[in-house]
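Keep the structure open beside the text.

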Amino acid sequence: MSAATDIPVALLADDARRAEADTLARRAADLPARGWVEHRMAMPWSLRVRGPHAHDEATAQVVARAYALVAEIDEQLSPFRPGSALERYRRGELALADAPWSLREVHRRCLLAREETDGAFDAWGWRDGFDPTGLTKSWAVAQVLDVLAEVDGDVAVGAGGDVAVLSRTGLPWRVGVEDPEDRSRLLGHVDLRDGAVATSGTAARGEHVRIPGGGAATGLRQATVVASSVVRADVWATTALVLGAARARERLHALPGTSGLLVEPDGTVHRWATP
């Protein structure tokens, strides 16, 4: 059983480098900052801006546009809205070629994810027909980050375990990873400048990830993946749950440019970092 020690997910080489990272994180925390939280897609969406323009009206206007984009994506891709483009496509009432760009792009990303994971991440394999729910949120997070990139400062987006950040100051965003045994504690943290971290697990939503063509994925309690893009991090965090501990370790160790941690059902924590 691993204790909640809040150590870096991507293991640093020595104490000196850890101390340097802590110094940078403290400098980042001293910058002016502003945060917003709105409930979208049935979950809180947290947007943060850091830097001298964090409290500018122009910054608030960009944030408002970012939230409007989330609402638009939800209108188009929600599986819970009978009139959404996704539901009309699922019922055969809308051709993919005539669908909004969001649906066509998410459909394309789901095809790529299924191919890259050898079918472990399959938007066609867990419900009746096409359901991209496992990818829609992270794709929306990526679109919101693109909008926030207009802000003259450091920006971060977080929704439902997916976090994407951009740093113009060169200072890191420190992202905590919850301990699934006690969500009030941190199991580790990630220092990110440009990139993303995604966590999938059973602590918040139970056994919600399904094995394609099978039952609930129970081979891992939690998977956290750090990658250059939030969609990639999200796809592989979900895939890790589907694969289970042994196969996930094997696949993730061979996945370039990723790091993270896996929490097995007995509480054992496995960390990796692949250049």
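The model is predicted: local features need pLDDT of at least 70, side-chain atom pairs count only at pLDDT 80 or more, and totals for chains, interfaces and linings use all residues. Residues are numbered from 1 along each chain as its sequence is written, and side-chain values use heavy atoms, with hydrogens and water left out.

- β2 and β3 (residues 43–50) run antiparallel and are joined by eight bridges.
- Strands (E, at least two residues) and helices (H or I, at least four) are DSSP runs, numbered from the N terminus. Two strands pair if DSSP finds at least two bridges between them.
- Arg40 has Met43 in β3 as its bridge partner.
- Two residues separate the strands of this hairpin, and Met41 in the turn has a positive phi of about 55 degrees.

**The sheet**
- β3 also pairs with β4 (residues 154–159), antiparallel, over six bridges. Here Arg48 stands opposite Ala156 of β4.
- The open sheet has eight strands in the order β2-β3-β4-β5-β8-β9-β10-β11, with antiparallel pairing.
- β2 (33–40) and β11 (269–274) each have a single partner strand, so one side of each lacks a neighbour in the sheet.
- Neighbouring strands are turned by 10 degrees against each other on average, direction ignored. Axes are lines fitted to C-alpha atoms, for helices over the stretch in contact, and angles run from 0 to 180 degrees between N-to-C directions.

**Helices on the sheet**
- α2 (residues 57–77) packs on the sheet and touches β2 and β3. Its direction makes about 20 degrees with that of β2. Contact means heavy atoms within 4.5 Å.
- Buried residues of α2 include Val62, Val63, Tyr67, Val70 and Ile73. Buried means under 20% relative accessible area, exposed over 50%, partly exposed in between (1.4 Å probe, protein chains only).
- The buried residues of α2 pack against β2, β3, α3 (85–90), α4 (101–116) and α5 (133–148).
- α7 (residues 245–253) lies across β10 (258–263) and β11, at about 20 degrees to β11.

**Nonpolar cores**
- A nonpolar core is a set of buried Ala, Val, Leu, Ile, Met, Phe, Trp, Tyr and Cys residues joined through side-chain atoms within 4.5 Å.
- The largest has 63 residues; Trp45, Leu135 and Leu148 touch the most other members.
- Helix α6 (residues 230–243) gives this core its largest share, ten residues.
- Another core, of 14 residues, lies apart from it; Ala156, Val165, Leu192 and Val269 are among its members.
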